[in-house]
Amino acid sequence: MTIRLFALDCGRVTGAANGFLEGESGTLTVPVPAYLIVHPQGCVVFDTGLNPGLRTDKAALLGKLDADWQIDFPQGAEIDAQLALAGVKPSDIRYVVNSHLHYDHCGGNAFFPDATLIVHAKEWRAAHRPNMQAAGIYNPRDFEHMASVRELEGEFDIFGDGTIVVFPTPGHTPGHQSLKVVTEAGAIVLAADCCYLKRTLDTLHLPAAVYKRDQMLESLHHIRALQSAGARIFFGHDSEFWNAIPKAPLPVI
Ligand SMILES: [Zn+2]
């Protein structure tokens, strides 16, 4: 069975380095990755990049976080344009998996009204809390577009064949989840923000602000165990890693 994985280049964001690695000074500019997995039973998107509305309406979309982030979102970095590079239309996507519901991971959800959204139940609940929305941490304008939402409580094997498995990696947020993709060429773990950078995993250096530190460390140990078992880890926001892998239209595998 042939499975293809494409890395989609959805722009860059710049924020305080301390927000990625506690104690670091200055700012850090990081990529905004999303991924397409083409499986014989259908296409899956893991995260959807930035909301095109950020170009004209950033203050409203980010609310209290507006001043914290600079956005570099060139034409062609939208999720639909990135999918087109791989020859896929948004209507071809059967499942959208959101690692979590921060603005740089679900901003393109509106392109997929007919897909099923796969999100962790705890994330879905957190993202609907009025105090979290008032703080700018979550905005329903990013993620509230799917006719069908499947809320997970744990692992989920999307096609039932062990090739694309969603698993919980909480700590960054209440319901963060990662994705394991198993191919003939080996396993790849799309870690997303349970592991921002290679350094995060190598040194267990956490960001300054996390939902729960103990959960995040546990998730990092889980990712380390998968790495030890031979999986390649794809970090959430690591420029060096991102620059080194092929991007759509080229497949990673
Ligand atoms: Zn992120």
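Arg55 lies over the face of Phe73, 4.1 Å from the ring centre. By that I mean a charge over a ring: NZ of Lys or CZ of Arg within 6 Å of the ring centre and within 35 degrees of the ring normal. There is also Lys247, whose charged end sits over the ring of Trp242, 5.1 Å from its centre.

A word on the model. It is predicted: local features need pLDDT of at least 70, side-chain atom pairs count only at pLDDT 80 or more, and totals for chains, interfaces and linings use all residues. Residues are numbered from 1 along each chain as its sequence is written, and side-chain values use heavy atoms, with hydrogens and water left out.

Back to Trp242. Ring pairs link Trp242 with Tyr35, Phe234, Phe235 and Phe241 in a cluster. Rings of Phe, Tyr and Trp (its six-membered ring) pair if their centres lie within 6.5 Å; planes under 30 degrees apart are stacked, over 60 edge-to-face, the rest tilted. The structure holds 10 aromatic pairs. Take Tyr35 and Phe234: their centres are 6.0 Å apart and their planes at 45 degrees, so this pair is tilted. It links distant parts of the chain, with Tyr35 in strand E2 (residues 27-39) and Phe234 in strand E12 (residues 232-235), 199 residues apart. Strands are DSSP runs of at least two residues, numbered from the N terminus.

Are Tyr35 and Phe234 buried or exposed? Both are buried. Buried means under 20% relative accessible area, exposed over 50%, partly exposed in between (1.4 Å probe, protein chains only).

Now the cores. A nonpolar core is a set of buried Ala, Val, Leu, Ile, Met, Phe, Trp, Tyr and Cys residues joined through side-chain atoms within 4.5 Å. The largest has 42 residues, and Tyr35, Ile37 and Phe234 are among those with the most contacts inside it. Strand E11 (residues 186-192) gives the largest share, five residues. A second, separate core has 41 residues, including Leu54 and Tyr103.

Last, the metal. Which residues hold the protein donors of the zinc ion? They are Asp104 (OD), His105 (NE2), Asp193 (OD) and His237 (NE2), at 2.0 to 2.2 Å. Donors are N, O and S atoms within 2.8 Å of the metal (3.2 Å for Na, K and Ca); water is not among the atoms, so sites may look incomplete. Along the chain the spacing is D-H-x87-D-x43-H. Asp104 is buried, at 8% relative accessibility. His105 is buried too, at 1%.

How values were computed: Helix = DSSP H or I, 4+ residues; strand = E, 2+ residues; numbered from the N terminus.
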